[in-house]
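Subject: Structure handover

Hello,

Here is the structure for you to look at.

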Amino acid sequence: MPKKKKSEAETKEEIIEDIEESGVPEKIAEKEEEIDEKIEEEFDEKVAEAESHSEELAEKKKKLLEKVKKLKEKISEGEVSTEDLKEKVKVKKRTDMLIPLEDYVKSGIYLGTRVVTPTMKQFVYRRRADGLAIFNTDIIDEKLKEGIEYLSQFAPEDVILACKRQAGWRAAEMFSKATGIRVFAKKYPAGILTNTRLPDFFETELTIVTDSWLDKNALNDTLNVHKKILMICDTNNFSQGANKIIIGNNKSGKSLGVIFYLLARGYCKARGIEADIPDLEFWTIEEEEKERVVKKVLEQSNAEFGV
């Protein structure tokens, strides 16, 4: 006798009974409970962590507000003034300068050119209405201090100064007399550092370059023999090849006078060289003005003695 075919509903009931007898639903329920418990634990931990962090922020904010309150009280009492603080900083900087700020200004050392190279852009403070770039005097002073310190590492016989610019000849010669450093003013004989067959060939360790454009022969010779370079750079100069730079106006006799005076004074002091270094005014005075001053002094002397 053929078996009676089960209906679809009976088949479903049997499958459900088999699943219930196997215990799978209970296991699934247990897993769901475990997952819910873990989620709740993690959630509680996150909430606690957030509350703790919030308390820390609130505490920091409270302390910061207390500091602000105290600072406001000091300001209101006149103990602290922003303008006073700025003025104190300015005064301290000025007292630490190699020479008074007024002397820097009078020499025009801060005046650049209308051309500013990429390497000198960082030292430019602003541009005047006529287009001239202006150096920051604080940085000028810092670079001069660095230049003096660097130059002082070398003996006089191991250093040369190249100055082809006429405006700096007199100050360069004064620098040479004070320090004992050899100076090539007016003209630099190309090859004396590189060509051993020349009768006036010699070796040096450092070359002071007044202007990389005019003193390019001295600059190139020094680079070819792999020696050090201390370079004076105006806004239109490139400082490539220099081991140390001094920034400032290298076109003016007064400005170069200030630079060579400070280098000579600092160098002699650092190396213990006894030298009779004239006052700054003798380094920056123009030739015509110098002749006028000397003439006036002679006239006064003659008048005193009835000549």
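Please keep in mind that this is a predicted model.

Salt bridges come first. Asp130 and Arg128 pair through their side chains, with N to O at 2.6 Å. Asp130 is partly exposed, at 34% relative accessible area. Arg128 is partly exposed too, at 31%.

Two pairs sit in helix H5. Lys145 bridges to Asp141, with the closest N and O atoms 3.2 Å apart. These two are 4 residues apart in the helix, so about one helical turn separates them. Lys145 is partly exposed at 32%, whereas Asp141 is buried at 4%. Glu146 and Lys143 form the other salt bridge, at 3.4 Å from N to O. They are 3 residues apart, which again means about one helical turn. Glu146 is partly exposed at 31%; Lys143 is buried at 18%.

There is also a network: salt bridges link Arg165, Asp211, Asp234 and Lys251. The whole structure has 8 salt bridges.

Now the serines. Ser107 is in helix H4, residues 101–107. Ser107 is buried, with 7% relative accessible area. A polar atom of its side chain lies 2.8 Å from the backbone oxygen of Tyr104. Ser252 is 145 residues away in sequence, yet the two C-alpha atoms are separated by 8.2 Å.

Ser152 is in the loop between helix H5 and strand E3. Ser152 is buried, at 14%. Its contacts beyond four places in sequence are Gly266, Tyr267, Ala270 and Arg271.

Best wishes

Methods: Residues are numbered from 1 along each chain as its sequence is written. This is a predicted model: local features need pLDDT of at least 70, side-chain atom pairs count only at pLDDT 80 or more; totals for chains, interfaces and linings use all residues. Side-chain values use heavy atoms; hydrogens and water are left out. Buried means under 20% relative accessible area, exposed over 50%, partly exposed in between (1.4 Å probe, protein chains only). A polar contact is a pair of N or O atoms within 3.5 Å; within protein, one must be able to donate a hydrogen and the other to accept it, and residues adjacent in sequence count only if both atoms are side-chain atoms. Contact means heavy atoms within 4.5 Å. A salt bridge is a side-chain nitrogen of Lys or Arg within 4 Å of a carboxyl oxygen of Asp or Glu.
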